[in-house]
Amino acid sequence: MNAAARLFRRWYGARPWHLLAQVAAFGLAGYAVGAVADAGQWRGFALWFTVAIVGHDLVLFPLYSLADLALSRLLPGSSWPAALRSRPPLINYIRVPAAFSLLLLLVWFPLILGLSAGPYHRASGLAAAPYLRRWLAVVGVMFAVSAACYALRWRRMSPRPRRRVRAGPRRARVRWRSRLPRPPRQARRSRRTACAGNPPPPGRC
Amino acid sequence: MVRRSLIRDRSAAITWRSPLRGQWLTSVLGLVLLAGLTVMAVTGLLSYAAYDPRLPGNDRTTGGGLLKFYLFSWPTHPLWLYRLTEGIHVTLGLALLPVLLVKLWSVLPRLFARPAVRSAAHAVERLSLVMIVGGALFEFATGILDIQNFYVFPFSFYTGHLYGAWVFIAGFVIHVALKFPRMLAGLRSRSLRQELHTPLGQTRPEAPDPAGLRAPAPAAPTISRRGLLAATGGASLTLAALAVGQSVGGWARRTALFAPRGLSAAEHGTWPVNRTAASIGLADEDVGGAYRLVLIGRRTVTLTRDQVLALPQRAATLPIACVEGWSFAARWTGVPLADLARLAGVGQPGGALVESIQREGSFRAAALSAAQVNDPRSLLALRVGGADLSRDHGYPARTIIPAAPGVHNTKWVNRITFTERA
């Protein structure tokens, strides 16, 4: 018995229940496809299954990966070491609103582009025209909010690098400043760290 | 110099360098999908049951008898039942799309892993992914296109979406059975709380895992792990928030910017509809003085609209909930179906077939169960919100059945055939 099980495992590559479960799953799926075939619709069904997989794995995925790669290469300074950067990295402030916008388009493109305007009007009595306007408005709002967040963050982190750059050549001034009362400096530091919840690494927050 | 860096970058893209991929991330997304897609499957199958497909003419799909084992007579209580299950089905479906896409992103390098096949078991397992990945993408695509009336698929939506769901369920069950222990191990490999406190500067790649989800040579991160999770969750919430108003109704309908019966329907100022009178070619003579309602039972009774209005009226606040996810509740006034059955000489109705003036097209007729006909809130409605029905809402008369799918509330009713309880 043990020898048989071992032999099976060597031949198949897993325990017998693995094969049994797979057969059951394929049996269930096959039965469902058989029902579609009974309805005379299996060709379109199989075609759409294939298009769904190929469309995602070999079209959508490479496209968004390349777009993201291109974005990260096009942005100035994104390949500089973080410590040398005088600005917070811009990439996620473009990535996130762009991804949200494209996702909304991916879901609602039949209405946004008016592709289903006819059947939609017959069903609902409504026009598809406003959807493009709404999408553009939402895209605008998301990029505007993102830009505002970026500006806020830039302002928060800008004091430190500027001071550091000046620190070397103007030692006298720094010494003079170090004799100033501490509160303003502490306030500045706590403001800087507030956005991460943790002490930020140099140049980032 | 520039050229060399470009070449290096290109090879970097091909060898999967994202430092965020790893078993913990995939497991977290997998857990969300395990819960979410289970709810999707249950609410989807409930939606099929809600059509009472065992009654003649109600099933929009053919064959597959063994997959219809769980059916029960759809209840009329609570009256918001279908509104809830279908609202969840459509809104949750939209919310899960970003999670599905990020989950697929996290495992996609494995599609191109070498060697492509290590053993017979590995080959079978890879083939079985067609069921879950293909099934999930197929179901999301057909569902999302259908709610926008974008009928580009070369099969009936009902047939495709139902049997596509069963292919998906087959793949889902086997995938969960095989991967569940690995998901638990992945979840235990890092602390969620810790991740939520880790900013970009301290984000490190996960440890290598047996499944090979982590990149062999991860690049420096450009977004933290919590940032990716927040973006995914935020995208889910955005999609759901800009659509859920069409299911909630009231003032919330105005927040549903993209939902097919959201802001647009609210701005239109009328209750949303799923088929306009114009689209079925309803003519003035169909609904004018020549209109007759024919009740068939032990005897046949023919009534004008005024005669129906003269019968004892009853009001009920009932929702219409469409399979497309949108819904609204309104106060309907009309004659209970059980009263009409008695008028036709059927004292103990066991069911009814409600037919429309609409001559062709799907859902021109609906078979109702005994529970539906006998519920005192099941009405042949003549008025809504204190006014006569509009033509788009089924003037001269329509049925309204508690907890039934929207299309079983037949519009422009001109014939009802009652059967005696056996």
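Predicted model: local features only at pLDDT ≥ 70, side-chain atom pairs only at ≥ 80, totals over all residues.

Visitor: How are H4(B) and H5(B) oriented to each other?
Guide: Helix H4 (residues 120-146) of chain B and helix H5 (residues 157-188) of chain B have axes that come within 8 Å. The axes cross at roughly 140 degrees. Angles over 145 would count as roughly antiparallel, and 65 to 115 as roughly perpendicular. H4(B) and H5(B) are therefore oblique.

Visitor: Which hand does the crossing of H2(A) and H4(B) have?
Guide: Helix H2 (residues 16-38) of chain A packs on H4(B) at an angle of about 30 degrees, with the axes 11 Å apart. The two are therefore roughly parallel. Their crossing is left-handed.

Visitor: Which residues of H4(B) make that contact?
Guide: From H2(A) come His18(A), Gln22(A), Ala25(A) and Ala29(A). Their counterparts on H4(B) are Ala121(B), Val124(B), Ser128(B) and Met131(B).

Visitor: Which residues have the most contacts inside the largest nonpolar core?
Guide: That core has 130 residues. In soluble globular proteins, nonpolar side chains tend to be buried together. The residues with the most contacts inside the core are Ala32(A), Trp166(B), Ala170(B), Phe258(B) and Ala381(B).

Visitor: Is Leu34(B) buried, partly exposed or exposed?
Guide: Leu34(B) sits in helix H2 (residues 23-50) of chain B. Buried needs 20 or more C-beta neighbours within 10 Å, and exposed means 12 or fewer. Leu34(B) has 16 inside 10 Å, so it counts as partly exposed.

Visitor: How far apart in space are Leu34(B) and Val173(B)?
Guide: In sequence, Leu34(B) and Val173(B) are 139 residues apart. C-alpha to C-alpha, the distance is 9.8 Å.

Visitor: Which helix of chain A has the lowest mean pLDDT?
Guide: Chain A has nine helices and zero strands. It averages a pLDDT of 81, and 71% of the residues score at least 70. Helix H4 (residues 91-112) of chain A has the highest mean among the elements, 97. The lowest, 42, belongs to helix H8 (residues 171-178) of chain A.

Visitor: Where in chain A does pLDDT stay under 50?
Guide: The model has 38 contacts beyond four places in sequence for this stretch. The stretch is residues 161-205.

Definitions and conventions: Residues numbered from 1 in each chain as written. Chains lettered and ligands numbered in written order. Core = buried A, V, L, I, M, F, W, Y, C linked by C-beta atoms within 7 Å. pLDDT = per-residue confidence, 0-100. Helix = DSSP H or I, 4+ residues; strand = E, 2+ residues; numbered from the N terminus. Contact = placed C-beta atoms within 7 Å. Axes fitted to C-alpha atoms, helices over the stretch in contact; angles between N-to-C directions. Parallel < 35°, antiparallel > 145°, perpendicular 65-115°, else oblique. Left-handed = near helix turned anticlockwise from the far one by under 90°.
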